[in-house]
Each structure stands twice: as C-alpha cells, then as structure tokens.
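Please look over the sequence and the 3D structure shown here before reading on.

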Amino acid sequence: NLHEVFMGDFKLSMKETSLVYDLTEYMDEPLFIAAPDEFSGNVSFVITATSTEASLLAFNISDSHNMTASVSRPSVARFVSAPDAASLKVTRSSKTLEDHEATLNVTHISFPDTDGSEKHELVLLAPLGAVA
C-alpha cells in the first residue's frame, strides 16, 4: 500500500519487484511515507542500519559475519481515515410575508468522497425556541 517514499525532498523510486530502498545517501533527511489517496490502515515495515568495517573491504572478505553489525527496528505508519468536507452554498436569509413559507435555497452541494467510504447527510438545525 505504499504510494510514495521520501527522504527529505528526495522522492525514492518505487521498484515493482521489491520494496527495499537504499537510504544511505539520504541518512540526514527525515523519512516520509505516503499511501494512495483515500487509503486508511496500517503499513508495516522494518528499518535496518548496518555498519561495515571498511578496513576489511580491501581484503575482499565481504562475506565475513565479523565485518558488519546491524540493528533492525520494526515500525508502523498508521493512516487514519478523515472525512472529506462537503461543499455547501445556501442563501443566508429569506424574507417573506406572515402565513407564507420562507425559501432558503441550497444553491450548491457536493461531496468529494471518491471511494464511497462516507455517509452523506444534509440536516437543518433549528435552535430551541426558533420554531413555534
């Protein structure tokens, strides 16, 4: 469910076959993870830091377990759903004669919910005593 991964201002390229990213050149940057629009849920991942003893690289013994030290930490990015705000335009006031109905026109209403995950309502609230 990862959509984009950023280290600072740098967007890391997504590989279709693997979700392994080499973050070495961005170590001093903050890590940002984005999910696709309208996604809510958890994305779990592991971050691993590895230190390699450079003096042993010259002898080409990179398969030695004594050359590297690693530490890994699991982490979870929680994407919490948030309702999309509706767009609503209504006439603010109406004038009419007694014993007639007043008209408040709803001139525009739209709900930007693109995935059908929200319940839509239009409610008229009248304060206590406003209607006799």
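A salt bridge is a side-chain nitrogen of Lys or Arg within 4 Å of a carboxyl oxygen of Asp or Glu. This is a predicted model, in which local features need pLDDT of at least 70 and side-chain atom pairs count only at pLDDT 80 or more, while totals for chains, interfaces and linings use all residues. Residues are numbered from 1 along each chain as its sequence is written, and side-chain values use heavy atoms, with hydrogens and water left out.

**Salt bridge**
- A search of the whole structure finds 1 salt bridge, and the side chains of K119 and E121 meet in a salt bridge at 3.5 Å, N to O.
- Both K119 and E121 are exposed (exposed means over 50% relative accessible area, buried under 20%, and partly exposed in between, with a 1.4 Å probe and protein chains only).

**Strand β6 and its residue V90**
- V90 is placed in strand β6, where strands (E, at least two residues) and helices (H or I, at least four) are DSSP runs numbered from the N terminus.
- V90 counts as partly exposed because its relative accessibility is 37%.

**The whole chain**
- The protein chain holds 1 helix and 7 strands, which follow one another from the N terminus as β-β-β-β-α-β-β-β.
- Of the 132 residues of the protein chain, 8% count as buried.

**Confidence**
- The mean pLDDT (the predictor's confidence in each residue, from 0 to 100) of the protein chain is 78, and 79% of its residues reach 70 or more.
- Among the elements of the protein chain, β6 has the highest mean pLDDT (90) and helix α1, residues 54-57, the lowest (66).
- Where pLDDT is low, the predicted coordinates should not be read in detail.
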